[in-house]
Amino acid sequence: MHYIEFISTLPYQKDTSLQTLIEMVKSDPAFPSDTSDPQQLAKYMYLKLDHKMTSAFQKTLIIYAQNPENRLPDSLRASYPLMLDSLNIIIDMQNNDNNYPWR
């Protein structure tokens, strides 16, 4: 199951940032549907998310990593610490791009 498929199965969330992220991903026809690599997803998402939404994105990836049907890259599936490190790629992109609107 790719990340977008996982997101599509999540029930309504009381946390508004999580719910907004879920709705954003589900309604975006251009969202990458053929990858679950956090680095590739981060490249697509980093300019679209404020700090709260970025945190929600990271939370969903942590939950997704626990799903036995996840399609994370083998290197991330083999190393949970490496998986956790990959979650910060989006923050690095946001911090280092002058075009990031919420700097």
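Tyr3 is in contact (heavy atoms within 4.5 Å) with Leu21, Phe31, Thr35, Ser36, Leu41, Phe57, Thr60, Leu61 and Tyr64, leaving aside its neighbours within four places in sequence. This is a predicted model: local features need pLDDT of at least 70, side-chain atom pairs count only at pLDDT 80 or more, and totals for chains, interfaces and linings use all residues. Residues are numbered from 1 along each chain as its sequence is written, and side-chain values use heavy atoms, with hydrogens and water left out.

**Nonpolar core**

- The largest nonpolar core has 26 residues, and Tyr3, Leu21, Met45 and Phe57 touch the most other members.
- Helices α1, α2 (16–27), α3 (38–45), α4 (51–66) and α7 (89–95) each supply at least two residues of this core.
- The largest share, six residues, comes from α4.
- A nonpolar core is a set of buried Ala, Val, Leu, Ile, Met, Phe, Trp, Tyr and Cys residues joined through side-chain atoms within 4.5 Å.
- Buried means under 20% relative accessible area, exposed over 50%, and partly exposed in between (1.4 Å probe, protein chains only).
- Helices (H or I, at least four residues) and strands (E, at least two) are DSSP runs, numbered from the N terminus.
- In soluble globular proteins, nonpolar side chains tend to be buried together.

**Salt bridges**

- The structure holds two salt bridges, each defined by a side-chain nitrogen of Lys or Arg within 4 Å of a carboxyl oxygen of Asp or Glu.
- Asp15 pairs with Lys59, with the closest N and O atoms 3.9 Å apart.
- This pair links distant parts of the chain: Asp15 sits in the loop between α1 and α2, Lys59 in helix α4, 44 residues apart.
- Asp15 is partly exposed at 32% relative accessibility, and Lys59 is partly exposed at 38%.
- Lys48 and Asp28 form a salt bridge at 3.6 Å, N to O.
- Lys48 lies in the loop between α3 and α4 and Asp28 in the loop between α2 and α3, so the pair ties together parts 20 residues apart in sequence.
- Lys48 is partly exposed, with a relative accessible area of 35%, whereas Asp28 is buried at 18%.

- Ser8 lies in helix α1 (residues 3–9) and is partly exposed, with a relative accessible area of 40%.
- The Ser8 side chain reaches the backbone oxygen of Ile4 at 2.9 Å.
- Gln19 is in helix α2 and counts as buried at 12% relative accessibility.
- A polar atom of the Gln19 side chain lies 2.7 Å from the backbone nitrogen of Gln13.
- Leaving aside neighbours within four places in sequence, Gln19 is in contact with Pro11, Tyr12 and Gln13.
- Gln19 and Met53 are 34 residues apart in sequence and 9.5 Å apart in space, C-alpha to C-alpha.

**Helix α6**

- Tyr80 lies in helix α6 (residues 80–86) and is partly exposed, with a relative accessible area of 36%.
- Ser86 is also found in helix α6, but counts as buried at 9% relative accessibility.
- Leaving aside neighbours within four places in sequence, Ser86 is in contact with Pro38 and Leu76.

Key:
A polar contact is a pair of N or O atoms within 3.5 Å; within protein, one must be able to donate a hydrogen and the other to accept it, and residues adjacent in sequence count only if both atoms are side-chain atoms.
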